[in-house]
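Hi there,

As promised, I am handing over the structure we talked about. Have a look at it below, and then read on for what I found in it.

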Amino acid sequence: MSRKTEQRDAIRAVLSDASRPLTAQEVQELSEELVPGIGIATVYRNLKAFHSEGWLELVEIAGQPARYELADIGHHHHFVCDACGKVYDIHGCAEGWRKLAPEGFSVARHELTLFGVCKDCD
Ligand SMILES: [Zn+2]
Ligand SMILES: [Zn+2]
């Protein structure tokens, strides 16, 4: 197997196994355990390719670096830990958000991000 393929497979495995969205930096650190010496430029290049293939989705949270997660995990939200900076998936959705819109407005989508301290940091 070529080194290029090995690196690509490692990045793919890291993202598949992650239960939360990862930054390029986090992907690099985790991939390095599988393929020592893997560089951040390689990680960026593969993330970009996976994103344009539609396998990854971008998670953008204000004041945070871009993160990536699998595109097929369905509707969900995120929890941001203010202490360690990790972002976790939340598998529920707030009830009643449609009713928050003013009278006569129709809501097409919503975003919801919770901020606080995760279990590991508490
Ligand atoms: Zn934390
Ligand atoms: Zn929701």
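To start you off: which residue stands opposite His 77 in β5? It is Ile 90.

Some housekeeping comes before the tour. This is a predicted model, in which local features need pLDDT of at least 70 and side-chain atom pairs count only at pLDDT 80 or more, while totals for chains, interfaces and linings use all residues. Residues are numbered from 1 along each chain as its sequence is written, chains are lettered from A and ligands numbered from 1 in the order in which they are written, and side-chain values use heavy atoms, with hydrogens and water left out.

**The overall picture**

The protein has 3 helices and 6 strands (helices are DSSP runs of H or I with at least four residues, strands are runs of E with at least two, and both are numbered from the N terminus). Starting at the N terminus, the order of elements is α-β-α-α-β-β-β-β-β. The C-alpha trace spans about 60 × 35 × 20 Å along its principal axes. Of the 122 residues, 31% are buried (buried means under 20% relative accessible area, exposed over 50% and partly exposed in between, with a 1.4 Å probe and protein chains only). Take the contacts between residues at least 6 apart in sequence: 47% of them join residues at least 24 apart (a contact means heavy atoms within 4.5 Å).

**The helices**

Two packed helices are described by the angle between their axes and the distance between the axes. Axes are lines fitted to C-alpha atoms, for helices over the stretch in contact, and angles run from 0 to 180 degrees between N-to-C directions.

Helix α1 (residues 3–17) packs against helix α3 (residues 40–52) at about 65 degrees, and their axes are 10 Å apart. That makes the two helices, α1 and α3, roughly perpendicular (the word covers 65 to 115 degrees; under 35 counts as roughly parallel, over 145 as roughly antiparallel and the rest as oblique). On the α1 side, the contact is made by Gln 7, Arg 8, Ile 11, Arg 12 and Leu 15, and on the α3 side by Thr 42, Val 43, Asn 46, Leu 47 and Phe 50. Sorted by class, the contact of α1 with α3 has 5 nonpolar, 3 polar and 2 charged residues (Ala, Val, Leu, Ile, Met, Phe, Trp, Tyr, Cys and Pro count as nonpolar, Asp, Glu, Lys and Arg as charged, and the others, Gly among them, as polar).

Helix α1 also packs against α2, at an angle of about 110 degrees and with the axes 9 Å apart. These two helices, α1 and α2, are therefore roughly perpendicular to each other. Here Ala 10, Ile 11, Val 14 and Leu 15 of α1 meet Val 27, Leu 30 and Ser 31 of α2. This contact of α1 with α2 has 6 nonpolar residues, 1 polar residue and no charged ones.

Within α2 (residues 24–32), the buried residues are Ala 24, Glu 26, Val 27, Gln 28 and Ser 31. Their cover includes α1, β1 (22–23), α3 and β3 (67–70).

**The sheets**

Strands of a sheet pair through backbone hydrogen bonds, either parallel or antiparallel. Two strands pair if DSSP finds at least two bridges between them.

One open sheet has 3 strands in the order β1-β3-β2, with antiparallel pairing. Its edge strands, each pairing on one side only, are β1 and β2 (56–59). Strand β1 is joined to β3 by 2 bridges, and Thr 23 has Arg 67 of β3 as its bridge partner. Helix α1 packs on this sheet, where it touches β1, β2 and β3, and its direction makes about 80 degrees with that of β3. Helix α3 packs there too, touching β2 and β3, with its direction at about 110 degrees to that of β2. Between β2 and β3 there are 4 bridges, and Leu 56 is partnered with Leu 70 in β3.

Another open sheet has 3 strands in the order β5-β4-β6, and its pairing is mixed. Its edges are β5 (87–90) and β6 (113–116). Neighbouring strands of this sheet are turned by 25 degrees against each other on average, direction ignored. Strand β4 (residues 77–81) pairs with β5 in the antiparallel sense over 4 bridges, and this brings us back to His 77 opposite Ile 90.

Enjoy exploring!
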